[in-house]
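Here is a short report on selected features of one protein model. It covers a sulfur link, ring contacts, a helix and a cavity.

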Amino acid sequence: MRRRLLAPAVLLLATALGCTEADPGASGPPPALPAAEPEVRPLGRIVPLPASVKPGGVPYTLTAATRVGASGHPGVRAVAEQLADHLRPATGFRLPVVADPAADLALALDPAAAALGDEGYELRSAPGRLTLTARTPAGLYRGVQTVRQQLPADIERTTVRHRSWKIAGGTVRDVPRFPYRGAMLDVARHFFTVDEVKTYVDRVALYKYNVLHLHLSDDQGWRIAVASRPRLTAVGAATEVGGGPGGFYTREQYRELVRYAAARHIEVVPEIDLPGHTNAALVSYPELACDGKAPEPHTGIDTGFSSLCAEKEETYAFAADVLGEIAALTPGRFLHIGGDEADSTAPADYRAMTDRFQPLVARHGKKVMAWHQLAVDGVPAPGTLIQYWGLDRTPGAEKEKVAEAVRAGAGVVLSPADRAYLDMKNADDTPLGLRWAGTVSVRRSYEWDPGAYLPGVPESSVAGVEAPLWTETLSTPEHLDTMAFPRLPGLAELGWSPAGGRDWDTYRVRLGEQAHRWDALGIAWYRSPEVPWPAGR
């Protein structure tokens, strides 16, 4: 049904964009887009592509007299306040939030709208009135991101712009393809402050991501305070790649990040990598090593050399303390226990440790999430969410192990490194990033189907997609921007939009138009030659 609903929207967009079928033999950069945005953006010409678009009629115009209507539900009021707060700086309008359902810009819940699910919404735009309806506040928040993108990019500015603010007439009815749409940020290799992480949360929220996966521990540093294990931050947090000062989040700072994400209807998934990637923990607590000796702090980027000791009860007491405290700080459903690249751990020891770590997660009412090595070298607990990070060329036997885990009841989140890893170089000549999985261009990161990617894994078992951003070579917020944009929005579209409506030629034009918005937001994006950017940019 979603494909039938989407097809007219795709055809309309293709016509509006002037797109033709791709020429595989074409070379050179695509023609530039017009330098300026249209006064009224055609309905649905946004990222991610909506499921159903029915354009028509005179646009809605935001004016100085506009009021933002919200029902008495506190969640609706909160989303309405966020929308008004976002629109006020650039428009200069008061935009009072009122409990009047007849307000010209109205947000409302419809509990009976079962077809919209937990995150779907309906946007209706007509002269004098714009309504946003959803079954949940999360759905309203996703719809607000569509409102933002339908308005001129100047709406993202923090100073007044004297211009018209119009949204094309018609109806958007939109639901996500997958329930899990994650963005992972590695704060262990290089540490990023609370405010820097909040900025990244805002970046991903615009594209309807609903999960922030924080990689909180690794060989290079430990980034979260654990009251029962104070040396993790007193010692283990003091390093990072290249020998920098490192850093960590206090318990309250972590809670603040969780609250900030939750206000944007984004769930935080914390990751404590076990039993490998544990050098910072071993430096802090040498008794966790089989020889009882503290290793040297690690500031390089090599992996696979560290391991906890399977034979020591100290290992399991440590895991119980850490996972218990992180679970208590995190209201979300999952605890990610890593499990990847445990190359120095004997297979029997890996199995023994992961068999004992997983019940610790369940003890605190959480579900296990782990990299796909848990399915290859261990036995995932029932209901585990396996995160696949292999390559297209990964041996079939390894992929079959993931499929076996799925048949036993696990779910899958897809993060194939040669498609979804944002730390891979955009091209051979870009200064940032790594290339062990190859270069990952904008087109390569976009042109694959999560629902049909892993042999033997049906779409019904795919929870969604995640875009990991590892930080071995990234140390500033500008670095994060440059590696995430323009690839991050495309991975969002893979997770949100129906498969039948995605098309590279129309997508790259919609993506190119996002440059106006990124400039307004101060995003330091990479100018991929595959995309037709606006002239002069």
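A residue counts as exposed when its relative accessible area is over 50%, and as buried when that area is under 20%. The model is predicted. Cys-290 has 55% relative accessibility, so this residue counts as exposed.

**The disulfide**

How many disulfides does the count come to? The count is one. The link runs from Cys-290 to Cys-309, with 2.1 Å from S to S. The angle about the S-S bond is 100°, and the link is right-handed. Both cysteines lie in the loop between α7 (279–284) and α8 (313–329). They are 19 residues apart in sequence, so the pair ties together separate parts of that loop. Their surroundings can be set side by side. Cys-290 is exposed at 55% relative accessibility, whereas Cys-309 is buried at 2%.

**Aromatic pairs**

A pair of aromatic rings is described by the distance of the centres and the angle of the planes. The search of the whole structure finds 18 aromatic pairs. Two of them are taken up here.

The rings of Tyr-388 and Tyr-453 have centres 6.2 Å apart and planes at 55°. Tyr-388 belongs to strand β17 (residues 385–388). Tyr-453 sits in the loop between α13 (442–446) and β19 (462–469).

Tyr-421 is in the loop between α12 (417–420) and α13. Trp-470 is in the loop between β19 and α14 (477–484). This pair links parts of the chain that are 49 residues apart.

Tyr-207, Phe-485, Trp-518, Trp-525 and Trp-533 make up one aromatic cluster.

**Charges over rings**

Arginine side chains meet tyrosine rings in two places described here. The charged end of Arg-264 sits over the ring of Tyr-260, at 3.5 Å from the ring centre. The charged end of Arg-502 sits over the ring of Tyr-446, and the distance to the centre is 5.1 Å.

**Helix α3**

Helix α3 covers residues 137–150, a run of 14 residues. From first C-alpha to last, the helix reaches 20 Å. That is close to the 20 Å expected at 1.5 Å a residue. Why is α3 described as largely enclosed by the rest of the structure? The reason is burial: 14 of its 14 residues are buried.

**The cavity**

The structure holds one cavity of 30 Å³ or more. About 50 Å³ of space lies in the largest cavity. Which residues line the largest cavity? They are Glu-196, Thr-199, Tyr-200, Arg-203, Pro-477, Leu-480 and Asp-481. Helices α4 (194–205) and α14 each supply at least two residues of this lining. The largest share, four residues, comes from α4.

Conventions:
Residues numbered from 1 in each chain as written. Predicted model: local features only at pLDDT ≥ 70, side-chain atom pairs only at ≥ 80, totals over all residues. Heavy atoms only, no water. Phe/Tyr/Trp six-rings, centres within 6.5 Å; stacked < 30°, edge-to-face > 60°. Lys NZ or Arg CZ within 6 Å of the ring centre and 35° of its normal. Expected span 1.5 Å × (residues − 1). Buried < 20%, exposed > 50% of the residue type's maximum accessible area, 1.4 Å probe, protein only. Disulfide = S-S within 2.5 Å. 1 Å grid on protein atoms, 1.4 Å probe; cavity = no way out; pocket = protein on both sides within 12 Å on 5 of 7 lines; lining within 4 Å. Points joined across faces, edges and corners; volume = space filled by probe spheres on them.
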